[in-house]
Each structure stands twice: as C-alpha cells, then as structure tokens.
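Here is a short briefing on one protein chain. Look over the sequence and the structure first, then read the points by topic.

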Amino acid sequence: MTRVVIADDQALVRTGFTMILTAAGIEVVGQAANGYEALAETRRLRPDVVLMDIRMPELDGLEATRRILTEAPTTAEGLAVRVVMLTTFDLDQYVYAALTAGASGFLLKDVTPDHLVHAVRLVQEGDALLAPTITRRLVERFAHADSGRATLHRDLTALTPREREVLELLAGGLSNTELATALQLSEATVKTHITRILTKLQLRDRVQAVVLAYETGLVTPTARRPGQAAH
C-alpha cells in the first residue's frame, strides 16, 4: 500500500485529502501543520510520498523539501521518498524552486479527487508529475543558464550525441511518443535513453532533466525546433 504524509497548515485541506486518499486505498500515515513537523514525520515514518504545501508557518514547504531531499531518506522498501508540492498558484516561482530542489511535481489545491489519487500513484511509481509542455512553460519563465549547476551535474559531456538530442527534445516539451516519432525510434528505446540521461546526470526524473537543460544552456526559452508550435 502506498504510504503518504500530508503537510499543510490548513486542517481542512489535510482532512479532505486524507479522506480522498484513504477511500482509494492509499494510507495516510502522518500529517503535519508546518515544515518542521513535515521533516519530523518524514524521518519517522519514511513514507512513499509527501504532499507538501509551499506556504506554511515556522518553516515553509520549500525549505522543508530542500532538507528532506538533501537528506535523501528512503522508504521501508529502500526507494527514494518523493515530494509533491501543493500550491494555490499555477506556475508559481516557488514551484520552480521546489522542482530544482528535487520535488517530483506539483498539484493545485483545487485538484479533483481522481487527479489527486492518480498523482500520488504516479509519483510513487517513480514518474514525474508534470506534463512536458507545462514543465517547459514553467522552466522557460524562471530558469536561467547556470554554469554552477552544470558543474554540479558534471555538465553534459557524459552524454552521447543521441542522448543530448533526446534531452533537447525532452526539454522542448515532447512526450515519449512524440520523441519516438521525431527520432524514428521505439518508445522503449526512448525510455532507455531517458533512463541513461537521468543516471549519468544524477537526476531524479524528467522534470529535473528539463530544468537542467535550460540551466546549462542546452535549450533556451526562445529556441524552438522546426515545426514546434508555441504554447
């Protein structure tokens, strides 16, 4: 059973999300009203997923997320704990900061019950919770070339020419199916390339890969491939 900690300073949000997830067979093992409590509950319970509100008293969700992901706690099965940010603002600059810190995506607080359940399961399985085009839009708005992060991730020289091409297209907002069509490859081969890119660059998921592509200058906000429509 998927195990979740919900961190939000509004009791009504915590209660509502708990009811939705529990009804779907997802276990809510802990709740937190601020960032310090979220840290403590994550350390104690080692959940699969933490739903983390960005704006909380005492210690906000962004800093709590940074600390959790820096500590890199694991679940009882030895997998990485995943953090999903909760926000009332679409394309919030704080969401971008959370993604660069390693969060696996974000949800708006008015999310539908079905979407909430799907999101938790998707992230628990190791996927990222952002559609490629939304990711690109978010990153274009807030990302800047950052040589320091390039160095941190041992820049892009570890990638083969094909892997660099896959990363560039991925950052351009293409899904796996669109990548396969553009490169005339099978989707299985595309997934293999993406897995190798994440491994070589020490990234958690495709969201972080998109962020890094912009911050290293591989892709720029104004750069579009031929035939790629604006969003």
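Helix α4 (residues 93-101) has Val 95, Tyr 96, Ala 97, Ala 98, Leu 99 and Thr 100 as its buried residues. Buried means under 20% relative accessible area, exposed over 50%, and partly exposed in between, with a 1.4 Å probe and protein chains only. Helices (H or I, at least four residues) and strands (E, at least two) are DSSP runs, numbered from the N terminus. Just after α4, Gly 102 takes a positive phi of about 120°.

This is a predicted model: local features need pLDDT of at least 70, side-chain atom pairs count only at pLDDT 80 or more, and totals for chains, interfaces and linings use all residues. Residues are numbered from 1 along each chain as its sequence is written, and side-chain values use heavy atoms, with hydrogens and water left out.

**Overall make-up**

- The chain's secondary structure comes to 11 helices and five strands.
- Of its 231 residues, 51% count as buried.
- Contact means heavy atoms within 4.5 Å. Among contacts in the chain with a separation of 6 or more, 68% are between residues 24 or more positions apart.

**Nonpolar cores**

- A nonpolar core is a set of buried Ala, Val, Leu, Ile, Met, Phe, Trp, Tyr and Cys residues joined through side-chain atoms within 4.5 Å.
- The largest core has 54 residues. Met 52, Met 85, Leu 167 and Leu 201 have the most contacts inside it.
- Helix α11 (residues 206-215) gives this core its largest share, seven residues.
- Another core lies apart from it, with 18 residues, among them Phe 17, Val 28, Leu 51 and Val 84.
- Leaving out residues up to four places away in sequence, Met 85 touches Met 52, Ile 54, Gly 61, Leu 62, Thr 65, Ala 98, Ala 103, Gly 105, Phe 106 and Leu 107.
- In soluble globular proteins, nonpolar side chains tend to be buried together.

- Two packed helices are described by the angle between their axes and the distance between the axes.
- Axes are lines fitted to C-alpha atoms, for helices over the stretch in contact, and angles run from 0 to 180 degrees between N-to-C directions.
- Helix α1 (residues 11-23) packs on helix α5 (residues 113-124) at about 70°, with the axes 10 Å apart.
- The two helices are therefore roughly perpendicular. Angles under 35 degrees count as roughly parallel, over 145 as roughly antiparallel, 65 to 115 as roughly perpendicular and the rest as oblique.
- From α1 come Phe 17, Ile 20 and Leu 21; they meet Pro 113, Leu 116, Val 117 and Val 120 of α5.
- By class, this contact has seven nonpolar, no polar and no charged residues. Ala, Val, Leu, Ile, Met, Phe, Trp, Tyr, Cys and Pro count as nonpolar, Asp, Glu, Lys and Arg as charged, and the others, Gly among them, as polar.
- Gly 16 lies in α1 and is partly exposed at 25% relative accessibility. Its C-alpha atom is 9.5 Å from that of Pro 113, 97 residues apart along the chain.

**Helix α8 against α10**

- The axes of α8 (residues 161-171) and α10 (residues 187-200) come within 10 Å and cross at roughly 95°. That makes α8 roughly perpendicular to α10.
- Arg 162, Glu 163, Val 166, Leu 167 and Leu 170 of α8 make the contact with His 193, Ile 194, Arg 196, Ile 197 and Lys 200 of α10.
- These residues divide into five nonpolar, one polar and four charged.

**Loop residues**

- Lys 109 lies between β5 (106-108) and α5. Lys 109 is buried, at 18% relative accessible area.
- A polar contact of 3.3 Å joins the side chains of Lys 109 and Asp 53. A polar contact is a pair of N or O atoms within 3.5 Å; within protein, one must be able to donate a hydrogen and the other to accept it, and residues adjacent in sequence count only if both atoms are side-chain atoms.
- Asn 34 sits in the loop between β2 (27-32) and α2 (35-45), buried at 6% relative accessibility. Its side chain makes a polar contact of 3.5 Å with the side chain of Glu 58.
- Glu 58 is in the loop between β3 (49-53) and α3 (61-71) and is exposed, at 65%. Its phi is positive, near 70°.
- Gln 184, in the loop between α9 (176-183) and α10, also has a positive phi, near 55°.
- Most residues other than glycine have a negative phi.
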